[in-house]
Amino acid sequence: MNINLLNKSGPCRWTLKKNGSMNVDAVFFGDVNIILQLDETTVRQVRDVASLPGVAGPVCVMPDAHSGYGFPIGGVAAFDVDHGVISAGGVGFDISCGVRTLTTGLKRQDLFSCDVKLADALFKKIPAGTGVGGAIHLDGNLMDEMLSGGAAWVVGRKMGRPEDLGRIEGNGRNEFAAPSKVSAKAKQRMINQLGSLGSGNHYLEVQYVEKIFDNEKAAGFGVEVDDVVVSIHCGSRGLGHQIAKDYLPLMVDAAPGFGINLPSKDIACAPINSQLGKDYWGAMGAGINCALANRQVLTHLVRECFAEILPQADLKLIYDVSHNTCQKEKFNINGRTKTLYIHRKGATRALGPGHKELPDEFKKIGQPVIIGGSMGTSSYILAGTDESADLSFSSCCHGAGRTMSRIKARKCFKGKKVQKELGRQGIIIRSGSINGIAEEAPSAYKDINGIIKSTEQAEISKAVARLRPLLCIKG
DNA sequence: ATGTAC
């Protein structure tokens with residue numbers, strides 16, 4: 001974008017003053033290169049979001065931002081509880097897509113003699129790929145129980161440990177979920193998908209801790225150099241997708257009746273206090289629970305797999321955090337505490353130290369913020385900062401962000417070659433889709449290290465540990 | 001992201 005339109009408001013922080021139809025400013029986070037590379041569609045989408053009714057405080061744009069459906073991916077927008085809107089496009093199609101990371105109690109050397117065996121066992125055990133069903137069949141009341149109970153329901157069915165729940169955003173359950181607001185079609189699509197990875201950039205990785213940036217916080221999160229960890233990145237599968245598909249046109253059609261002049265039809269939103277807004281809020285909550293339950297079932301499968309191959313392993317959850325949600329949170333605006341609906345689309349909640357929602361063990365150090373890299377590149381564990389509450393509604397980036405479309409990546413790279421090259425780097429890839437590997441080639445993504453650097457310089461999170469992949473299971 | 005088109 002044209003950097004001359006922006007005022008530098010701090011390190012890696014740039015303000016676009018409200019103009020035209022915008023109701024609030026927008027703040028872009030990133031170094032000069034990141035800002036210059038932002039395309040016009042993304043900037044237009046940021047303006048569109050800033051033009052919506054009841055938008056409170058600046059629209060925030062993360063260093064990994066790119067254009068999305070209506071809202072930009074990497075966008076954070078807060079809406080006033082009384083006058084604001086909730087947007088299906090502001091949450092996205094993959095409701096509550098997110099990442100969780102577990103420690104294993106193992107060191108990198110423990111895998112030297114059994115890495116291929118572990119990769120094959122995980123690939124056999126973890127359902128992955130488009131349309132691939134999961135481990136659980138949700139008939140009778142089980143679907144609605146899962147949609148109400150999230151990861152807590154899964155743990156109640158003996159697929160997980162009670163202590164897992166304190167390490168999940170919202171204690172593993174969205175309390176506002178309303179399964180009755182989810183269509184029969186959405187539920188039908190999910191009936192055999194719980195406990196499956198899906199495709200695209202979703203993955204399960206066994207990684208090791210390559211570098212520690214903050215010893216005290218790393219100790220608090222339970223990680224040291226050379227520790228083996230497991231990360232799971234996936235979402236709400238067909239259910240979340242269908243919820244978005246169901247509600248987007250309803251919101252577009254209803255907008256004129258609410259007196260909302262949509263800047264783009266893709267942005268689709270409804271007043272928070274309208275029946276449609278409330279219905280979406282309940283359906284989205286059910287979608288959140290579905291994603292939390294999905295990651296919990298997958299965790300159970302991973303634990304079973306390790307128990308077979310490396311029985312000395314003990315898989316403990318560090319944290320599970322989503323990056324496609326809308327959540328009701330309290331923030332200080334102009335000296336007053338306000339309840340806001342925070343949309344984070346491709347942005348991660350990053351609560352600073354002392355926040356009351358954090359488990360006691362994280363109160364001093366801040367929330368673990370798990371940032372998944374692309375296949376074959378680094379992932380990061382960050383910690384939330386105090387500053388982010390005022391700067392970005394306690395949010396930061398979510399990943400690397402693509403530099404080219406999937407179609408272009410398929411033309412540029414050959415899956416087999418990518419797999420071979422990663423193999424030379426000591427990374428074992430297992431996937432049912434050779435085209436999928438080409439689409440996810442590391443060169444199709446931005447440099448994650450640069451994004452983390454900007455995130456840190458902007459003070460919206462602090463780096464704690466860098467993870468390198470050893471094995472990767474992809475859809 | 002997605003029963004990669006209804």
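Helices α5 (residues 142–156) and α9 have axes that come within 7 Å of each other and cross at roughly 25°. The axes are lines fitted to C-alpha atoms, for helices over the stretch in contact, and angles run from 0 to 180 degrees between N-to-C directions. That angle makes α5 roughly parallel to α9 (under 35 degrees counts as roughly parallel, over 145 as roughly antiparallel, 65 to 115 as roughly perpendicular and the rest as oblique). Helices here are DSSP runs of H or I, at least four residues, numbered from the N terminus.

This is a predicted model, in which local features need pLDDT of at least 70, side-chain atom pairs count only at pLDDT 80 or more, and totals for chains, interfaces and linings use all residues. Residues are numbered from 1 along each chain as its sequence is written, and side-chain values use heavy atoms, with hydrogens and water left out.

Back to the helix pair: on the α5 side the contact (heavy atoms within 4.5 Å) includes Met146, Gly149, Gly150 and Val154, and on the α9 side it includes Ala286, Cys290, Ala293 and Val297.

Helix α8 (residues 237–254) also packs with α9: their axes come within 9 Å and cross at roughly 165°. That makes α8 roughly antiparallel to α9. Among the residues that meet are Leu239, Ile243 and Tyr247 in α8 and Tyr280, Ala283 and Gly287 in α9.

Here are the two contacts by residue class (Ala, Val, Leu, Ile, Met, Phe, Trp, Tyr, Cys and Pro count as nonpolar, Asp, Glu, Lys and Arg as charged, and the others, Gly among them, as polar).

| α8 with α9 | eleven residues | two residues | two residues |

Helix α8 also holds Gln242. With 3% relative accessibility, Gln242 counts as buried (under 20% relative accessible area, with exposed over 50% and partly exposed in between, for a 1.4 Å probe and protein chains only). Gln242 touches Ser183, Lys185, Ala186 and Arg189, leaving aside residues up to four places away in sequence.

Now to the nonpolar cores (sets of buried Ala, Val, Leu, Ile, Met, Phe, Trp, Tyr and Cys residues joined through side-chain atoms within 4.5 Å). The largest has 104 residues, and Phe28, Leu122, Met146, Tyr280 and Phe306 touch the most other members. Helix α9 (residues 275–309) gives the most to this core, with 17 residues. Apart from it lies another core of 44 residues, including Cys397, Leu422, Ile429 and Ala441.

Definitions and conventions:
Chains lettered and ligands numbered in written order. Helix = DSSP H or I, 4+ residues; strand = E, 2+ residues; numbered from the N terminus.
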